[in-house]
Amino acid sequence: MKKAALPPEMKPEIWGKLPEEILDYILSLLPLKTFFNLRSTCKHFNSLIFSPNFISKHSSSSLTNQPHSPPPFSSFLLLSHPQFHRQFLLYDSILSRWRILALSLSLPSSFGSAHLLCSSSNGLLCFSLLSSCSLLVCNLLARSSRLIDFPGHSFHFDSVTLIPYSQGGYRIFIISSGSAFVFDSKGNIWSQYSVFDAILKGNSHQEGVFSNGYLYFTTPEPFSIVGFEFETGKWERHLIQELPGEIAFARLVSNGGGKIYLVGGIGRHGISRSMKLWELRDNQVEGRRDWVEVGSLPDMMCRKFMAVCYHNYEHVYCFIHGGMICVCCYTWPEVLYYKISRQTWHWLPKCPSLPEKWSCGFRWFSFVPNLYTSV
């Protein structure tokens, strides 16, 4: 009986000199289960989840030709803090692991300690450079960045929101010094508009929520929703109807596909005793859109969250990360989130490497790397 031929021997002197980019490409072709097991072998293999080969192969955008579909295997919650400088904490929401991300770009000299991460969308991070009245937009995966000068002498801002176009490019919406400014990356131009006075009060650093051509904000009491239409540059005001009258705070989030949710605290005299979640749904019978309650925070979890906020709801902000609606506070390093598919509430625990002495300045963002998003 003839013996099966043995595979040729892999000579170390040849394979040991294999270029790193070719090795990364070969490893990206492994089955996902094998790849994730291999990550524990060494630091380099563990970092390969950020490699262009891995992202381009396993992102849903490369499989469906939809450039803004989120990659299912590369999804992170990113924590920014003023004392981190050029690094961030990342929570891998797929593998439930923490890691540290260091900025490795060739950044301008103005990018020093006086910078602040303001917004994140479609793989891009938007920083404000406080010392030069400029913005810096980065794609960490593609190792590219763009410096954008702000059209003004003062860069005191109340809100910064990065909004991607569906076919590439992006807009940056800024509320600063009582005016609204919009930067369009396609034309490389700024435009200035008026702004609702109501959204300038009590909504410091709240990002807008983009849906169907509008960027929406909530206002303090009396609570309402105001929307900026990009096509006309005009504002519209919508009252929050069909909700309990005793709302202590209200925050909007959107999944980017048209669904809008509202997170609100319920109580008296400005003090929340409970927290609920509503979804804006079409009422086909009456031809309108109504807020429908879809979740209520359990009592014990609510007590903890309200103790964290100390009834200072200006520090509360919300965003959607994958199928999670995240509720955060600038003074607390943990994240409270609602799992939409399971309709359950959970706490994301504090990162074990975070220093105990840090008590404020925590900014969480949804970070989904995208190799093909240009700055």
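The tour visits some charged pairs and then a helix.

A quick word before you click: this is a predicted model, where local features need pLDDT of at least 70, side-chain atom pairs count only at pLDDT 80 or more, and totals for chains, interfaces and linings use all residues. Residues are numbered from 1 along each chain as its sequence is written, and side-chain values use heavy atoms, with hydrogens and water left out.

**Stop 1: salt bridges**

Side chains of opposite charge can pair when their charged atoms come close. A salt bridge here is a side-chain nitrogen of Lys or Arg within 4 Å of a carboxyl oxygen of Asp or Glu. Searching the whole structure turns up seven of them.

Select E246 and R268: their closest N and O atoms are 3.3 Å apart, in a salt bridge. E246 sits in the loop between strand 15 (234-239) and strand 16 (247-254), while R268 belongs to strand 17 (residues 260-268), so this pair ties together parts 22 residues apart in sequence. (Strands, E, at least two residues, and helices, H or I, at least four, are DSSP runs numbered from the N terminus.)

Next, pick E279 and K259, another salt bridge, with closest N and O atoms 3.9 Å apart. Here E279 is in strand 18 (residues 271-283) and K259 in the loop between strand 16 and strand 17, 20 residues apart. Is E279 buried or exposed? Buried means under 20% relative accessible area, exposed over 50%, and partly exposed in between (1.4 Å probe, protein chains only). At 9%, E279 is buried, and K259, at 40%, is partly exposed.

Now try K276 and E293, whose side chains meet in a salt bridge at 3.5 Å, N to O. K276 is in strand 18 and E293 in strand 19 (residues 288-296), 17 residues apart. K276 is buried at 19%, whereas E293 is partly exposed at 44%.

**Stop 2: helix 7**

Select residues 299-309, which make up helix 7, and colour M301, C302, F305, M306, V308 and C309, which are buried. Look down the helix axis: these buried residues fall within an arc of 155 degrees, so they line one face of the helix. (The arc is that of the directions from the helix axis to the C-beta atoms.) Turn to the face pointing away from that buried side, and you'll find the exposed residues M300 and R303.

Finish at Y310, which follows helix 7 and has a positive phi, near 55 degrees.
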